[in-house]
Amino acid sequence: MAELLTHVLAALAIGIILSWWLRWVTPPMIAAAMVGATLPDLNRLGIILPETVIRSTFEVTWGWTAFHRLGGTLLVVLIVALMVPRHYTIPVLAMLIVGATSHYALDILLWRPSGLTSPLFWPLSDYRIPIQGVYLSSDRWPTGLAILTAGIVLWIDRRVMGRAIDHDVDERTP
Amino acid sequence: MRAEIVVRLLLIAVLVLALAYLFVLAGAKEPFSPKVEPSAEAFAGNAQAYIGDEVEFTGVVVDADSAQVEIGSHDNTVVITLVGAPPLEDGQVVTFEGTAVDATTIETTEDRVVTRDAWEYYYMYTASIVGAILALLVAVNYWTFAWRQVGFVPREQPIIDIGSRDMRG
């Protein structure tokens, strides 16, 4: 995976860009996209609570990997979207999906020695996408690019789109 | 509103159970695995079963001169000899794909190996922690928990107002 800062900044940039066209994409919805971008990496819970501990304690097979697969991500996104009242559920769900999708889009570009991704569509399929990755999760340039992109988008949002909104408001004010 | 809350909570409970089932399934091997198999831990426990197979692992170089790499985690590790790798350095983290020649030897080629210094892993985890904190702070800035509705709702005003965008859309 790319490190989480890159994922979160990418979701921030995407959310802001969407807000230029969709009025319902407000700052809280942009925040939802950023949260969505973190959800696949909940598999890192294994660092705090190893699978071996759960297996030996409850005598069940256990794999946190499910978080970083299509099936697990879909369930988590639905759970989080249900944590808001009904009239927010659909837009929050949409933004969580935007964030999670951006996470997978970036992870697909990770270099792997086999030239194949992990079976990301599990449990629906064990297909592994053949792709020549372009970066390692420990590379620094993706983070730099994400910071730069988020910065440019924020600048455009404040200086250009902010003025466009003020202009519209002025036109409507008698 | 009470009915909506009850329905939402029930749905959450059902989805959490479904998620737990996925975790159990993900830990099993059949009929298909969510991981690239075998895992390093599985190889460490029964390397004989994977002789002749293509394997992909990440490990730490414990003896660069003899290309020895330790793979696995916790109490389930094994030291293998990585034949065909580029020059290694002690302490490097190495990710590779190769063929298991025997229980402690894996053959690879230089184009299927990538090495990273230990500090690069520290950077990766630090950047991830920063990213997680950023997402959490932004979420807390714009969302609050409404007890009457038993759910998160957007704040009327953010804790820190960083712009003049309309919160209502």
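B:Val150 counts as partly exposed, because its relative accessibility is 28% and the partly exposed class lies between under 20% for buried and over 50% for exposed. The model is predicted, and in it B:Val150 has a positive phi of about 50° although the residue is not a glycine. B:Val150 sits in the loop between β7 (143-146) and β8 (151-154) of chain B.

In chain A, A:Glu59 also has a positive phi, near 55°, and is a residue other than glycine. A:Glu59 is placed in the loop that runs between α4 (51-58) and α5 (70-81) of chain A. With a relative accessibility of 73%, A:Glu59 counts as exposed, since the cut-off for that class is over 50%.

## Cis peptide bonds

A cis peptide bond links A:Trp122 to A:Pro123, with omega near 0°. The proline, A:Pro123, belongs to the loop between α6 (86-108) and α7 (141-172) of chain A.

In chain B, the peptide bond from B:Glu37 to B:Pro38 is cis, and its omega is near -5°. B:Pro38 lies in the loop between α1 (2-27) and α2 (40-45) of chain B.

## Overall build of chain A

Chain A has seven helices and zero strands, so the pattern along its sequence reads α-α-α-α-α-α-α, with helices and strands taken as DSSP runs. Along the principal axes, the C-alpha atoms of chain A fill a box of roughly 70 × 40 × 30 Å. Among contacts in chain A between residues at least 6 apart in sequence, 63% join residues at least 24 apart.

Of the 174 residues in chain A, 52% are buried. The accessible surface of the chain comes to about 8,300 Å², and 70% of that surface belongs to carbon and sulfur atoms. Chain A carries 12 positive and 12 negative charges, whose mean positions are 1 Å apart.

## Helix packing between the chains

Two packed helices are described by the angle between their axes and the distance between the axes. Helix α1 (residues 4-19) of chain A packs against helix α3 (residues 118-142) of chain B at an angle of about 35°, and their axes are 6 Å apart. From α1(A), the contact is made by A:Leu4, A:Leu5, A:Val8 and A:Leu9. From α3(B), the contact is made by B:Ala127, B:Ser128, B:Val130, B:Gly131, B:Ala132, B:Leu134 and B:Ala135. By class, this contact of α1(A) with α3(B) has nine nonpolar residues, two polar residues and no charged residues.

How values were computed: Residues numbered from 1 in each chain as written. Chains lettered and ligands numbered in written order. Predicted model: local features only at pLDDT ≥ 70, side-chain atom pairs only at ≥ 80, totals over all residues. Heavy atoms only, no water. Axes fitted to C-alpha atoms, helices over the stretch in contact; angles between N-to-C directions. Helix = DSSP H or I, 4+ residues; strand = E, 2+ residues; numbered from the N terminus. Contact = heavy atoms within 4.5 Å. Nonpolar A, V, L, I, M, F, W, Y, C, P; charged D, E, K, R; others polar. Buried < 20%, exposed > 50% of the residue type's maximum accessible area, 1.4 Å probe, protein only. Areas by Shrake-Rupley, 256 points an atom, 1.4 Å probe, with all protein chains shown as cover. Lys, Arg positive; Asp, Glu negative; His and termini not counted. Charge placed at Lys NZ, Arg CZ, Asp CG, Glu CD.
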